[in-house]
Amino acid sequence: MELDVSKAFVTPAKAFPFEATVTLPPQRVVGETITFDPVELSGTYCMYEDNVIRLEGTLTTVAHGECALCMQPAQEPVSVSFAETFRRDADELESDSFRYEGKTLPLDHMTLTLAMLELPMRFECKEGCEGSAELQAWKKNNPVSSNDEGAPTQHPFEALRSLLNEEPEQ
Ligand SMILES: [Zn+2]
């Protein structure tokens with residue numbers, strides 16, 4: 001996606017509103033594939049120095065990944081405000097600025113950078129997800145509380161629970 005900013009060259013130091021939609025390709029992140037809904041950008045652009053353009057606004061999208069517990073599809077809204085500088089012939093590896101040529105700003109690289117930084121640490125399909133069938137089966141076979149009446153020793157959590165129950169009520 002290229003944003004036409006030619007108006008900024010005609011009238012420097014004036015902020016012009018813009019809206020843009022950027023489509024990001026799927027991203028592989030530590031063995032997982034993350035996809036994004038079309039990313040909506042809106043805000044202003046302004047040339048505040050010779051050939052230096054500031055792009056400010058908000059970015060919103062929805063990121064799709066895999067629930068960390070049950071491996072089912074999960075999604076997370078992403079919303080971030082940004083203020084980025086574009087310089088003609090900027091070296092993106094050396095400076096904080098993004099590079100542009102002519103009178104258009106290439107938005108894909110900036111959008112991908114911002115969206116990836118806002119990804120959650122892990123996806124969860126819903127709060128309190130029970131986890132995969134494998135995880136549930138494991139929990140069933142390894143119950144926290146023991147029903148075995150003949151067990152010579154109490155489960156440590158059982159001991160803790162009875163201890164807590166003996167606490168006088170306030
Ligand atoms: Zn889940």
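This is a predicted model: local features need pLDDT of at least 70, side-chain atom pairs count only at pLDDT 80 or more; totals for chains, interfaces and linings use all residues.

Q: Which strand pairs with β6 in the antiparallel sense over nine bridges?

A: Two strands are said to pair if DSSP finds at least two bridges between them. Strand β5 (residues 39-49) is antiparallel to β6, with nine bridges. Within β6, T58 is opposite S42. The two strands form a hairpin with two residues between them, and N51 there has a positive phi near 60°.

Q: Which residue of β7 is the bridge partner of T58?

A: That partner is S81. β6 pairs with strand β7 (residues 73-88) over 15 bridges, again in the antiparallel sense. Six residues separate the strands of the β6 and β7 hairpin, and M71 in the turn takes a positive phi of about 65°.

Q: How do side chains lie along a strand?

A: In a regular strand, the side chains alternate between the two faces of the sheet.

Q: Is L55 buried or exposed?

A: The count uses C-beta atoms placed from the backbone: a residue is buried if 20 or more other C-beta atoms lie within 10 Å of its own, exposed if 12 or fewer, and partly exposed in between. L55, in strand β6, is buried because it has 23 C-beta neighbours inside 10 Å. Over the whole protein, buried residues make up 15% of the 170 residues.

Q: Which residues is L55 in contact with, leaving aside neighbours within four places in sequence?

A: Two residues are in contact if their C-beta atoms, placed from the backbone, lie within 7 Å. With sequence neighbours within four places left aside, L55 is in contact with G43, Y45, E84, F86 and L105. A C-alpha distance is a separate quantity: L55 and F16, 39 residues apart along the chain, have C-alpha atoms separated by 9.7 Å. Among contacts in the protein between residues at least 6 apart in sequence, 56% join residues at least 24 apart.

Q: Why does F16 count as partly exposed?

A: F16 has 15 C-beta neighbours inside 10 Å, so this residue counts as partly exposed. F16 lies in strand β2 (residues 16-22). Apart from neighbours within four places in sequence, the contacts of F16 are K7, A8, T44, Y45 and C46.

Q: Which residues of the largest nonpolar core touch the most other members?

A: A nonpolar core is a set of buried Ala, Val, Leu, Ile, Met, Phe, Trp, Tyr and Cys residues joined through C-beta atoms within 7 Å. The largest nonpolar core has 20 residues, of which V5, V39, I53, L105 and L107 touch the most other members. At least two residues of this core come from each of β5, β6, β7 and α2. L105 touches E2, L3, V5, I53, L55, F86 and Y100, when residues up to four places away in sequence are not counted.

Q: Where is L107 found?

A: L107 is in the loop between β9 (104-106) and α2 (108-117). L107 counts as buried because 23 C-beta neighbours lie inside 10 Å. Leaving aside neighbours within four places in sequence, L107 is in contact with M1, L3, A20, V22 and L41. For L107 and A20, the sequence separation is 87 residues and the C-alpha to C-alpha distance is 8.7 Å.

Note on methods: Residues are numbered from 1 along each chain as its sequence is written. Helices (H or I, at least four residues) and strands (E, at least two) are DSSP runs, numbered from the N terminus.
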